[in-house]
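Hello,

Here is the structure you asked about. My notes follow below it.

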There are 2 protein chains.
Amino acid sequence: MSRRTFHLNAFLMGVGHHEAAWRHPRTEARRVLDVAHFQELGRIAERGKLDSVFFADGLAVGPQIKRNTLAVFEPVTLLSAIATATERIGLIATASTTYNEPFNLARIFASLDHLSGGRAGWNIVTSGNEQEAFNFGYDAIPEHARRYERAQEFVDVAIQLWDSWESDAIVLDEQTGVFADPDRVHTIDYAGERFRVRGPLNSPRSPQGRPLLVQAGSSESGKDFAARHAEAVFTAQRTLEEGQRFYRDLKSRLPKYGRSADELKVLPGLVPFIADTAEEARALEQEFTDLISPDYALRQLSGLLGVDLTAHALDAPLPPLPEESEIEGGKSRFTLVKELAEHEQLTVRQLIGKLGGGRGHRTFAGTPEQIADELQTWFENDAADGFNIMPPYLPGGLTDFVDRVVPILQERGLFRTEYTATTLRGHYGLEPVESQFAQGVTRATA
Amino acid sequence: MSRRTFHLNAFLMGVGHHEAAWRHPRTEARRVLDVAHFQELGRIAERGKLDSVFFADGLAVGPQIKRNTLAVFEPVTLLSAIATATERIGLIATASTTYNEPFNLARIFASLDHLSGGRAGWNIVTSGNEQEAFNFGYDAIPEHARRYERAQEFVDVAIQLWDSWESDAIVLDEQTGVFADPDRVHTIDYAGERFRVRGPLNSPRSPQGRPLLVQAGSSESGKDFAARHAEAVFTAQRTLEEGQRFYRDLKSRLPKYGRSADELKVLPGLVPFIADTAEEARALEQEFTDLISPDYALRQLSGLLGVDLTAHALDAPLPPLPEESEIEGGKSRFTLVKELAEHEQLTVRQLIGKLGGGRGHRTFAGTPEQIADELQTWFENDAADGFNIMPPYLPGGLTDFVDRVVPILQERGLFRTEYTATTLRGHYGLEPVESQFAQGVTRATA
């Protein structure tokens, strides 16, 4: 058995990741509007001793209006509500560096970390969708390179703000009337190209010091960004070989930033269809595929690729696509879909079917044993430090994973049987972080 | 008895509004860090059938570091956590129009409204503190007039975003696969001087349609802004006559915006010290006054006035102060403090004592009967539609108000004995709002 630890994140979305999940009899569509549904999902994940739950986010409606559920809740507020209904599960929210101010974002993640007792995580995104740009005064997506430059500076500012209160700054001496020690609370006086922020943050150091930093972009800029900052990476990898290549690539970038391999956990996505037999699992997947609406799927595919396919014939192959370098939106997802279509010579209809479950993430239909085998294989062959589990329907798909797959992973000694830490950083086996302003600690950022 | 309805908001702050509350034996200072403390306060307020709880906010630490508690939690995330621990109480969060983007703010308030079942309120502030400006790239506070112009546009955008989904847009037809009706979801295509926002919002219409809009600035711009947008106004008024003048002034501005007097509720602040006898109540207040730290109070007063008094003699009168027109920060609080000092010919030390409880709000020490009498007098003499109760210490000061003052108000037929509505707007006796984009409804904003 490997000495590496095995991690599981539940990526939650409405009543399931499959785009047609809300139409399937195993779900209740109206629950996308119900916070109790999401609190229940948090508790199910916690019952399975998972590391964390995670919500993606985008700052525009996208093509979902007619055919698909949308995110009703903003992730940080939703996770604040889940925090108080759970005790241990980590809580990872997506938030954009392109359309926020670092002070505000540092603040709300500090708040989530305080109110959850140290369970906050931030999935850092740069917002590559054109529709988002239109909601923030732009006529087009800000350039990919510019977005990543802003993200770098943004994260530097946020980390300094989180560090601006040393952990022992709160004194609470009722006799002398000293609430906090001003010598342990620091202005940051950040003056960069894009941001000028004096600080300190208006919230004392939170239990984790800072949220777990998560990243999911797999472009060259994305991987470098992850190597510098991320502690967990969500990624879409369709085969073991691709997974191994990505894993090696990402880990090999860490030494450049003075980091070791175990400081960043790689978590490929998996959409599991679980049933008693492989045949039943495949039949279950087919039920969902049959519910896909082609017109919706075409619009979604158009959004993924940044190419309008809504008038394209379903049974023809994809039209010629631009090179990744010409794309200003999400580069890595573009390339993944393009390669999948070209490699497997798929028609648009076939491609839509392949993408329906997980928008490019790997779908696997099988028995609990077969799914556990897959996860073990990827983990033991250096393609993953754990998995981003994307239940195709909810809550049932999560319940089945927690109650049927997790026990097998536990029996095999791969996965924890009890929580051994109270914080999200602790679940991921990461060391606590000190404030860069604490005495004796040199500043970590340039 | 008046046919007007009587309203009560609990303005919550750390372990109490009095600046020295955390040092008093009736509080436990460490609870400022504990979300359970705030959830308990929400439940106490709900037990008293109060309309709402409210959290102020600022985007900088201010002068609190050494001597006073600070806001550990960001209000919207905190209220999300309180929402799931309560069922009826309204939840009002402060957020700034100067340092946010309208799309983001519209989104998080929609999220809070969804997850609370229609209990969200937004206290709209323009952020008049210089320290806040430094955290957002400014060298000085943006001008008072510019801040209000931005706020006007900001609120117009936010309202259009909340209206962008009609209430019946969610269809959920599993057979035809129609999740929402695109004809009932609208782009807003807002193009103003400061904002360009396409919309729609990425969240369906929330239970209230939009949060209750609250405002607390009492400058000329502030009052006009309130008359146009606010449904509840928090205000600092020290005497019945001042309260009546403000009340008349504000209500008289409503017709200009096509609004009637009952569409805006005026809630003056009150810091109640409650005890069995008037003498005991005054002694209790004195205990808190004795804990005030003069150096902290001088810094806080300097911040309130925008004038550095930290080297000023405590037993001298205030130095000559500028005119309100020269002030770029909070104008009305400046004038209130200036007039108080000049009118009562106070030394700095005396002024600090007067301000310690409620930073300019009225402090009243008395028996439950006396406090109820005061509230009734203000209510029945057109100085208030209700009150913003600011317990000097928490939770005790709120518990005493709820368990000892509220029952008297109820016996007198002034205050509800049970909730009659499920939403915050309902508690305040306001009509539900329709989307301006709904069929047959003409657009409300220009």
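Helices and strands here are DSSP runs, numbered from the N terminus. One caution: this is a predicted model.

I began with the record. An unreviewed UniProt entry lists A:Asp57, A:Thr94, A:His144, A:Tyr148, A:Ser218 and A:Ser219 under "binding site". I looked at two of these residues.

A:Asp57 sits in the loop of chain A that runs between strand 2 (52–55) and helix 2 (75–83). Its relative accessible area is 23%, so A:Asp57 is partly exposed. Setting aside residues up to four places away in sequence, A:Asp57 touches A:Pro75, A:Thr94 and B:Arg107. With B:Arg107 there is a polar contact, side chain to side chain, at 2.5 Å.

A:Tyr148 belongs to helix 5 of chain A (residues 144–163). A:Tyr148 counts as buried because its relative accessibility is 11%, and the cut-off is under 20%. Beyond four places in sequence, its contacts include A:Thr126, A:Gln215, A:Ser219 and A:Phe225.

Now the two chains. A rotation of 180° with 0.0 Å of shift along its axis puts chain A on chain B, with an RMSD of 0.0 Å. That is how a two-fold axis relates copies. Both copies use the same surface: 100% of the contact residues of chain A recur in chain B.

The largest nonpolar core has 187 residues. Another core lies apart from it, with 22 residues, including B:Ile292 and B:Leu346.

Best wishes

Notes
Residues numbered from 1 in each chain as written. Chains lettered and ligands numbered in written order. Predicted model: local features only at pLDDT ≥ 70, side-chain atom pairs only at ≥ 80, totals over all residues. Heavy atoms only, no water. Least-squares fit on C-alpha atoms with pLDDT ≥ 70 in both. Contact = heavy atoms within 4.5 Å. Core = buried A, V, L, I, M, F, W, Y, C linked by side-chain atoms within 4.5 Å. Buried < 20%, exposed > 50% of the residue type's maximum accessible area, 1.4 Å probe, protein only. UniProt positions renumbered as here; feature names shortened; annotations may be inferred. Helix = DSSP H or I, 4+ residues; strand = E, 2+ residues; numbered from the N terminus. Polar contact = N/O pair within 3.5 Å; in protein donor to acceptor, adjacent residues only side chain to side chain.
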